[in-house]
Amino acid sequence: MALTSTGPDPGARLVGRSPELQTMDEMLTSALAGSVGAIAVLGEPGIGKTSMFDVLCERAAAAGFDVLTGRGSEFERDVPYGLVVEAIDERFREFESEVIGGLDQDRLAELAAVLPSLSGRGGKPASRLDVERFEFHRAVRATFERLVRSRPLLLALDDVHWADPASVELIGHLLRRSVPGMVLALAYRPRQAPRMLLAAVEQAAREGFLRELELAPLTVSEAADMLGRQLDTSTVRSLHAESGGNPFYLEQLARMTRKDPAVTSRSAWVHREDGTGIPAAVRATLARELVVLPAHTLVVLQSAAVAGDPFDVGPLAEIADAEDTRVLEYLDALVAVDLVRMTDTAGRFRFRHPIVRRVVYDGAGPGWRLGAHKRAALALARRGASLGVRAHHVERSASVGDEDAVAILTDAGRAVAARAPAAAARWFEAALRLLTETSEPERQLPLVISLAGALASCGRLRDSRATLERALELIPADSPGFRVQIIGMIARADLGMGRAEQARRLITTALEQATPDSADAVRLCRDLAENQLMMREWNQAIDTTRHARTQAQTLGDPELLLAATSTLAWLTGYGDNNVAEAQELAGLAAEGMDARDVDLTPELLDALADLAYAEVCIDRYRAASRHSERGLQVSRATGHGYAFGRLALSAAASKLWLGQLHDARSAAETAVEAALLLDNDQLLSTAEALRCWVETLRGDLAAALAAGRAAVQAADRQPDALFAWMAHACYGEALIEAGEPERGCLEILSASGPELSQIPPNARVFWSQALITAELSVGGIDAAEATARRIEQTASGLPSRQANVHYAHARILLAQGDYGSAAAPALEAAQCFDAAEMRIWSARAQLIAGRSLAHAGQQAAAIRELERAHGIFHDAGAERLRDEAAKELRNLGRRVHRQPTAKELVHPPILTEREHGIAKLVLQGYTNREIAAELFVSPKTVEKHLARIFTKLGISSRAGVATALSRHRTDPS
């Protein structure tokens with residue numbers, strides 16, 4: 001597990017690295033004080049990154065840190081979580097009773113799904129979704145949070161350029177969601193690093209969280225110091241020129257020069273590179289070390305290069321086809337000449353340097369390597385190794401037509417698809433390569449479709465799309481319906497990438513090929529309607545969906561009819577004058593969905609997201625929240641992830657409107673994590689926009705602006721994305737609230753056009769309020785009145801729309817100084833917002849009413865309204881608005897007691913996640929029956945949970961829950 005191992009002191013190669021070591025010391029000191037930070041050590045092979053890490057780990061351990069270390073391996077980049085398992089598996093097992101034992105069952109199950117030492121613990125993961133593999137990231141982070149309670153933590157990961165994609169995803173999560181008291185140290189070669197890693201490091205560096213240390217080559221003087229002045233000046237200069245100042249190359253050349261002083265004059269030292277980037281001179285010096293080894297010793301060394309880096313002694317004898325006792329003797333000889341070194345784990349060894357392993361591996365003949373990998377796969381199978389570890393060797397040893405290898409690779413891909421889809425994609429591809437050219441299309445087709453799904457799950461939508469096109473070629477001529485379905489899948493991939501025009505052409509083609517009035521035609525019409533939304537063709541989208549619903553009625557297919565009804569409810573909810581129809585359709589769809597079994601099909605899950613969107617459009621936020629949560633639960637239970645991102649967005653939006661900011665923030669962050677893993681800018685722009693909106697309401701304007709910028713950047717990459725306008729609208733509002741009204745207005749109008757014409761009609765009323773805020777902030781009362789008139793023209797049919805009319809009038813009257821008149825429309829607005837359960841907006845209207853009443857001399861009435869607003873803001877976690885209400889109350893002589901906010905409440909560690917969730921619903925005033933409906937359990941189950949909560953908290957009734965919870969402080973994340 002350790003990076004350091006026996007061998008020469010690495011300190012000699014740290015000559016000239018004082019500034020970098022000082023930066024590392026500063027980072028450790030900050031972590032001791034509870035700060036957060038990360039270091040990235042960059043440089044070419046052999047430049048000294050590992051030596052730097054050795055010293056960093058030694059100093060951290062001496063300072064009292066818990067040190068976890070791991071290193072990427074060149075030939076094992078396809079083993080899922082290989083880097084992570086090396087770094088944390090053994091330590092998590094050691095801390096099982098202290099740390100792991102305190103985790104809830106869901107997080108323990110997530111860890112056990114990946115870490116061998118915890119295999120079988122915690123039951124099955126709650127989610128079967130590949131897109132929710134970030135739950136493993138959260139489980140690891142939660143464990144780190146528990147570790148740092150005892151002492152600070154250093155997680156040092158070397159050679160991250162060779163990390164498997166799943167490990168890189170975890171690193172990205174830790175860079176975005178840092179742990180106070182922990183230092184994350186990364187070392188890698190920039191030119192070989194994966195794009196996802198570079199993007200995460202760049203973002204962390206831009207935010208000031210990460211320090212980049214790029215190691216430069218040594219000067220001649222530093223080279224002389226490193227070599228100990230044992231060579232004459234001309235030799236040092238010659239070696240320095242040949243090595244380019246690279247410490248490892250310099251050391252390697254000096255090693256051979258000491259054995260043969262004439263070596264520096266030979267033509268072999270000309271600096272040449274092959275495809276690996278290793279200079280020919282260095283390869284030659286290493287070859288000189290290998291050529292003197294006895295034959296059996298060399299075979300064991302080559303077998304170790306096949307086994308891995310680090311490698312275990314266990315399977316080595318079988319790979320080398322030698323006796324166990326002799327293998328141990330050969331290993332002793334290899335340690336003696338410093339080609340391999342012991343690690344801190346018994347029975348595990350590591351090569352002196354990755355370059356040594358590379359040269360050893362390349363030096364073995366290709367035929368011998370093929371046989372060695374085959375022997376390795378068999379040895380690991382006998383030892384019960386995971387499919388993933390075995391598949392790594394099977395892929396390198398199997399030949400075309402090897403049915404056993406095809407089965408292993410296919411099973412390995414399916415086994416890791418939910419947690420490491422990039423590895424699954426690699427193995428599905430390998431299995432396809434091993435099928436003979438004469439394999440029937442029916443044999444290839446399932447693998448091709450599995451490959452397309454895995455590629456989509458790891459964010460390679462373009463590759464997934466190309467794979468689906470390959471599937472089209474395999475479909476038999478007598479299966480036109482299947483062909484139309486695949487074309488539809490390709491079109492949905494284009495929709496997911498925000499490629500509206502390409503999707504339109506495909507959908508049109510598929511509709512032409514589909515049987516008229518068929519189920520396929522209905523589904524394609526729904527896809528076409530979504531495409532029309534992306535193109536801002538609101539009315540055409542409604543007409544298309546209405547036609548699809550009529551077709552579904554004609555077919556008599558209840559599932560298709562329910563899906564089309566849900567979509568039509570959503571789209572009609574977008575309009576100005578379709579409120580009554582949208583309400584009726586949403587009622588029908590909700591009735592149909594609620595009558596369905598828990599196990600919904602993927603098509604109905606997608607329709608459930610449409611229903612939740614419809615309910616958001618027509619002020620049914622609590623219903624939208626309930627349907628969103630149901631959809632997320634079903635997605636997790638069934639593994640149907642197509643609609644997961646959309647359901648997370650609707651959950652965030654509905655909870656935001658209900659004033660449940662903590663839950664809205666959590667749902668938005670879930671959507672962000674999913675979007676990043678999928679590399680989906682369309683989803684990312686909306687998720688970051690919602691996060692911006694939540695943070696604006698919470699009052700954390702710095703976080704809001706950061707999320708808003710991220711949303712706009714993603715939207716700019718996908719300008720045809722379904723909710724691209726929302727990124728600009730939310731960011732614009734954040735800018736306005738942050739005191740930049742002109743920039744904010746320009747941002748909103750840049751995507752929405754004149755009079756917000758590019759925003760869906762139902763949303764224009766609300767986002768006009770942001771423009772009024774900007775206009776009033778610069779004294780533009782006339783402009784604000786003009787905006788208010790536009791609101792009034794389109795604000796019929798829903799309480800929220802009428803509330804916005806009253807709210808706009810109240811704000812303008814207050815700005816004009818007509819205090820006596822301003823209070824009445826403000827209070828009417830509050831009533832209308834209350835009817836829609838929009839608690840925060842109701843409180844904002846009460847804040848306006850309170851200000852107006854105070855200016856009008858009605859102090860008692862003003863205090864009443866302001867206290868109500870203050871309480872709502874406090875409960876919702878809208879801290880900036882709460883402080884505004886508190887300031888108004890203090891101006892009226894009313895003392896405001898400071899209370900802990902919702903984010904400052906902690907769930908007691910003795911409560912489980914489910915118990916804490918129920919306690920939160922109790923605080924929100926839910927009855928047992930309402931809690932049961934929210935969580936899809938029986939009222940009797942809720943009663944049992946409440947009994948345990950009361951016992952654990954030492955209380956006897958619901959009234960004591962708030963007091964008991966307030967004794968604890970909560971992590972807002």
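1. In this predicted model, helices H37 and H38 are roughly antiparallel to each other, a description that follows because angles over 145 degrees count as roughly antiparallel. The two helices, H37 covering residues 781-793 and H38 covering residues 799-815, pack at an angle of about 165 degrees, and their axes lie 9 Å apart. Their crossing is left-handed.

2. From H37 the contact takes Ile-781, Ala-784, Glu-785, Ala-788, Ile-791 and Glu-792, while H38 contributes Asn-804, Val-805, Ala-808, His-809, Ile-812 and Ala-815.

3. Thr-545 is a residue of helix H25, which spans residues 538-555. Thr-545 has a relative accessible area of 0%, and therefore counts as buried, given that the cut-off for this word is under 20%. Its side chain reaches the backbone oxygen of Ala-541 at a distance of 2.8 Å. If residues up to four places away in sequence are not counted, Thr-545 touches Ala-529, Ala-564, Thr-567, Leu-568 and Leu-571.

4. His-392 belongs to helix H17, made up of residues 387-395. With a relative accessible area of 2%, His-392 is likewise described as buried. The side chain of His-392 is joined to the side chain of Glu-76 by a polar contact of 3.3 Å.

5. Leu-28 sits in helix H1, which runs over residues 18-32, and its relative accessible area of 5% places Leu-28 among buried residues. Which residues does Leu-28 touch, when those up to four places away in sequence are not counted? They are Leu-56, Arg-59, Ala-60, Phe-65 and Val-183. For Phe-65, the separation can be stated in two ways: Leu-28 and Phe-65 are 37 residues apart in sequence, and in space they are 8.7 Å apart from C-alpha to C-alpha.

Key: Residues numbered from 1 in each chain as written. Predicted model: local features only at pLDDT ≥ 70, side-chain atom pairs only at ≥ 80, totals over all residues. Heavy atoms only, no water. Axes fitted to C-alpha atoms, helices over the stretch in contact; angles between N-to-C directions. Helix = DSSP H or I, 4+ residues; strand = E, 2+ residues; numbered from the N terminus. Parallel < 35°, antiparallel > 145°, perpendicular 65-115°, else oblique. Left-handed = near helix turned anticlockwise from the far one by under 90°. Contact = heavy atoms within 4.5 Å. Buried < 20%, exposed > 50% of the residue type's maximum accessible area, 1.4 Å probe, protein only. Polar contact = N/O pair within 3.5 Å; in protein donor to acceptor, adjacent residues only side chain to side chain.
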